[in-house]
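Colleague: Hey, I'm new to this one. Can you put it up and walk me through it?

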Amino acid sequence: MPQRNVSRRAALLGATAGLAALPFAGNAALAQVVSPMAGEKVYIDPGHGGDDRGASANGVVEKNVTLDIAKRLREILDRHGYNVRMSRSTDITRSLSYRVNDANSWGASIFVSIHCNAGGGYGFESYRDDGAVSDRTVRLQNNVHARVIAWMNKDQSVTDRGKKAVGFYVVENTNMSAVLTENLFVDNVANANLLKSAAFRQDVALGHYHGINNFFN
Ligand SMILES: [Zn+2]
């Protein structure tokens with residue numbers, strides 16, 4: 001996996017934001033960038049948890065990766081003024097019906113479920129319900145899928161397995177537009193090595209954020 005030059009990137013970002021002349025202006029100065037769509041209710045569903053570990057291989061346990069990416073995504077959305085709720089923010093067991101009912105009763109605007117894949121493949125894919133879905137749901141999947149794969153490919157080449165439609169419980173039973181992402185395969189060594197990298201997981205979270213933000217804007 002290629003190394004990243006994080007400090008150079010941070011310097012470039014600072015310069016772009018016009019902060020190069022402010023040597024002590026760190027992240028705090030960049031923290032409050034409120035989106036025009038601030039307040040939109042985004043429900044994040046980290047797959048599995050507690051007794052349900054999800055897939056595991058190569059030292060990667062799905063329930064831990066999904067929670068880590070989801071918390072990173074929540075932090076970014078919070079910072080941009082979105083209203084975020086999560087199906088879990090710790091390693092606890094949540095039934096699929098709990099996740100759906102919680103999002104529905106909260107009145108979420110969108111539902112984003114985060115998973116990792118297994119079963120002998122590699123790469124990224126996303127899912128929406130296979131029933132009759134609204135144009136809004138298709139647009140949500142299009143935006144999230146495009147941005148996640150773009151951020152995954154920032155420093156390496158990750159296979160795009162495409163946008164799919166399958167009636168998974170959470171995308172089928174939520175009342176709002178819903179998308180489920182399968183973020184690489186834990187049973188593929190190269191994919192698992194990426195998932196072990198905090199910098200990669202942050203890029204995956206950023207990809208989800210930009211997809212969501214594009215959708216609302
Ligand atoms: Zn899963």
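Modeller: Helices (H or I, at least four residues) and strands (E, at least two) are DSSP runs, numbered from the N terminus. This is a predicted model, where local features need pLDDT of at least 70 and side-chain atom pairs count only at pLDDT 80 or more, while totals for chains, interfaces and linings use all residues. Residues are numbered from 1 along each chain as its sequence is written, and side-chain values use heavy atoms, with hydrogens and water left out.

Colleague: Ok. Which residues of H3 are buried?

Modeller: Glu62, Lys63, Val65, Thr66, Leu67, Ile69, Ala70, Leu73, Ile76 and Leu77. They pack against S1, S3, S4, S5, H7 and H8, with contact meaning heavy atoms within 4.5 Å.

Colleague: And what comes after H3?

Modeller: Gly81, with a positive phi near 90 degrees.

Colleague: What coordinates the zinc ion?

Modeller: His48 through NE2, Glu62 through OE and His115 through ND1, at 2.1 Å. Donors are N, O and S atoms within 2.8 Å of the metal (3.2 Å for Na, K and Ca); water is not among the atoms, so sites may look incomplete. The spacing of the donor residues in sequence is H-x13-E-x52-H. His48 sits in the loop between S1 and S2, and Glu62 is in H3, 14 residues apart.

Colleague: Are His48 and Glu62 buried or exposed?

Modeller: Both are buried.

Colleague: Switching topic: how many salt bridges does the structure hold?

Modeller: Ten, counting a side-chain nitrogen of Lys or Arg within 4 Å of a carboxyl oxygen of Asp or Glu. One of them joins Arg99 and Asp45 (2.8 Å, N to O). Arg99 is in H4 and Asp45 in S1, 54 residues apart, and both residues are buried.

Colleague: Which residue does Asp68 meet in a salt bridge?

Modeller: Arg201, at 2.6 Å, N to O. That pair links H3 to H8, 133 residues apart. Asp68 counts as partly exposed because its relative accessibility is 23%, whereas Arg201, at 14%, counts as buried. Arg72 joins Asp68 and Arg201 in a network of salt bridges.

Colleague: Last one: which strands does S6 pair with?

Modeller: S7, in the parallel sense over five bridges, and S8, antiparallel, with four bridges. Two strands pair if DSSP finds at least two bridges between them. Tyr127 stands opposite Lys164 in S7, and its bridge partner in S8 is Leu180.

Technical notes: Buried < 20%, exposed > 50% of the residue type's maximum accessible area, 1.4 Å probe, protein only.
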